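Please look through the sequence and the model shown here before reading on.

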Amino acid sequence: MLGANDIAALWLTAQLALVTTACLLVIGMPIAWWLANTSSRWRAPVAALVAMPLVLPPTVIGFYLLLWLGPDGVVGGLTAAAGWGALPFTFAGLVVASVLYSLPFVVQPIENAFRSLGRAPLETAATLGAGPWDRFFTVALPLSRPGVITAAVLGFAHTVGEFGVVLMIGGNIPGVTQVASVRVYEQVESLDYLGAHALSLTLVGFSFVALLALYLLQGARGASLFARDGRQP
Amino acid sequence: MIELALRVGSPTQAFSLEVSAEMPGSGTTAVFGSSGAGKTTLLRSIAGLAEACSGRIVVSGEAWLDGQRALPAHQRDVGYVAQTPLLFEHLDVAGNLRYAQRRAQGPETDRFDELVALFDLEPLLARRIDALSGGERQRIAMARALLRRPRVLLLDEPVSAIDAARRDEVLPCIDALARQAGLPILYVSHDIDEVVRLADQVLLLEAGRVAGYGAVTDVLGTHTAGQFADAAGSVIDATVTGIESPWSLATVAFSDATLSVPATGFAVGDRVRVRILARDVSLALAVPKGTSIQNALRGRVVAIEDTLEPAMARVTLEVGAQTVLARVTHRAVASLALDPGSDVVALVKTAALARRHGSLSA
């Protein structure tokens, strides 16, 4: 059965995933828009940088984040100067790490959705008098909704599923930085298999339901998860 | 008034467009030419959608493009209806119409109901976009463009997806609307019948250059080379003076001459345009007897010119104040001994009638 620490870990995980997803949508949307529309020579390097978390070992990301965000790091110095203190081993630190780590899972579906829009809807909106921001919010975003929903679900689920980065940057402080995946690791280490089962099965159930919902949603539109033409007529 | 002096692309490129023309502040100007001539690019340039467009576009006194600035598309008051118009799929039909209405500039007059009625959209208002036919989409796109309260209406083959019956309903609507609102229309078409029927002026485009521009009755008679050869003929403004219902014929009169033309649905007094293709006109020295050709117009030869086909000559005749073209062989010209000044009879095999709407004569 789930104990108090398990509940706390699950609750923390849910909070982290929610905050991270919200940050990812805000940060990922402009990046995706730029990547989908630019013809700049910086496009490829930026796209590669965004995709890096897909291939890097989470420990590498965690390691560098620890250095940068720590009291002696570049970012750490800034946050300290701003009076926020150092980010490692705090909830804010987990959010920063999770945002970086899940960025490609949010940027890529949205970028594909923006790309598959084509020029016609935005041109049509322009001839009807809609300015650039107006066009984005009243045409591009609503038409890209399936891509945005995919991105949000993937970002959320991937944050729930991360382990290495959060362990490196957050450590294992119950109630503060101990998320569900880290909690399972601790239970297995201490041979508490029953506890590990309870929490693990909860995560298995959650992941299946989240992905099932996503595929049902996408399936209704006849598109696959990462399809370039995510928006079908 | 619309003042155009624009260039898209550079002459060194595979395709470039150069158009200079001044169009009146009302009435319909047809942009006519084969595909690839630059018709759509011209409309997109005016709407502010074409890239690498330079020059000058002034619409009713407002510079949309000049040396100093290029107004972005959303600041140009155009009603643009693309050939396959895009409707927003996340909105229903009414939502699409309101989208334009909410962003319209200018005096606040609610024309929503009026335009819905005009384009017969009432039954469609709550429909989803993906459940619409091509014709329905074009009607909605046109109503939407007009709800924007444009200063110029740009229509790119707006009836190409509408069946013939509906076309006869929609075309007069466009025409009436434009005249009533004093709205200039640029109407892209590759259908000469549409041009004759709707346009006051015609701009002929060929490979990105203006091949001719002026009143329909002038331009279509004089520009008969290349891609316009099939359309070579004369366009004459005339009045219906009689109906022979047993024969389904209408008699039309112009410059003391009369023609009997197959036509139904016309009434005495209707103003019409008669189009006589050069290839439907034969020549004779006297009115022949015992021929199936019923229409004989007495005229005088004005000019005899070569055409691109070695065997064929184009003979320009004066019939009263009107010009009629005939496409006949050089041998026929020789055997009839035709010269400029010869009196001749033009035998017109057939002619097409198109009703003119609104204030043509004004």
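Strand E12 (residues 249-254) of chain B is joined to E13(B) by 6 bridges, and the two run antiparallel. Within this pairing, B:Phe254 has B:Ala257 of E13(B) as its bridge partner. The model is a predicted one, in which local features need pLDDT of at least 70 and side-chain atom pairs count only at pLDDT 80 or more, while totals for chains, interfaces and linings use all residues. Residues are numbered from 1 along each chain as its sequence is written, and chains are lettered from A and ligands numbered from 1 in the order in which they are written. Helices (H or I, at least four residues) and strands (E, at least two) are DSSP runs, numbered from the N terminus, and two strands are said to pair if DSSP finds at least two bridges between them.

The two strands belong to an open sheet of 5 strands, ordered E13-E12-E11-E14-E20 in chain B, with antiparallel pairing. Strand E13 (257-262) and strand E20 (352-355) of chain B are its edge strands, each pairing on one side only. From one strand to the next, the twist averages 40°, where axes are lines fitted to C-alpha atoms, for helices over the stretch in contact, and angles run from 0 to 180 degrees between N-to-C directions.

Chain B also holds an open, antiparallel sheet in which 5 strands follow the order E15-E19-E16-E17-E18. At its edges stand strand E15 (281-284) and strand E18 (322-329) of chain B, each with a single partner strand, so one side of each is left without a neighbour in the sheet. Neighbouring strands here are turned by 45° against each other on average, direction ignored. The partner of E15(B) is strand E19 (residues 343-348) of chain B, and the two pair in the antiparallel sense over 4 bridges; B:Val281, for example, has B:Val348 in E19(B) as its bridge partner.

The domain assignment divides chain B into domain 1 (2-227) and domain 2 (233-355), with bounds that come from an automatic or database domain assignment. Their C-alpha centres lie 33 Å apart. Across the boundary, 9 residues of domain 1 of chain B are in contact with 13 residues of domain 2 of chain B, contact meaning that the C-beta atoms of two residues, placed from the backbone, lie within 7 Å. On the domain 1 side, helix H6 (192-198) and helix H7 (216-222) of chain B each supply at least two residues, and the largest share, 4 residues, comes from H7(B). That side of domain 1 divides into 4 nonpolar, 3 polar and 2 charged residues, where Ala, Val, Leu, Ile, Met, Phe, Trp, Tyr, Cys and Pro count as nonpolar, Asp, Glu, Lys and Arg as charged, and the others, Gly among them, as polar.

Which residues have the most contacts inside the largest nonpolar core? This core has 158 residues, and those with the most contacts inside it are B:Ala143, B:Leu154, B:Val202, B:Val274, B:Ala326 and B:Ala346. A nonpolar core is a set of buried Ala, Val, Leu, Ile, Met, Phe, Trp, Tyr and Cys residues joined through C-beta atoms within 7 Å, and a residue is buried if 20 or more other C-beta atoms lie within 10 Å of its own, exposed if 12 or fewer, and partly exposed in between, with C-beta atoms placed from the backbone. Helix H5 (residues 91-117) of chain A gives the most to this core, with 14 residues, and at least three residues come from each of domain 1 (2-227) and domain 2 (233-355) of chain B. Leaving aside neighbours within four places in sequence, B:Ala326 is in contact with residues including B:Val281, B:Leu283 and B:Ala346.

Chain A has 11 helices and 0 strands, and 40% of its 233 residues count as buried. In helix H6 (residues 120-127) of chain A, 7 of the 8 residues are buried, so this helix is largely enclosed by the rest of the structure. The cover over the buried residues of H6(A) includes H5 and helix H7 (132-143) of chain A together with helix H1 (39-47) and E6 of chain B. After H6(A) comes A:Gly129, with a positive phi near 100°.

Between the chains, 18 residues of chain B are in contact with 14 residues of chain A. Strand E6 (78-81) and helix H2 (93-102) of chain B are the elements that give two or more residues to the chain B side, and that side comprises 10 nonpolar, 3 polar and 5 charged residues.
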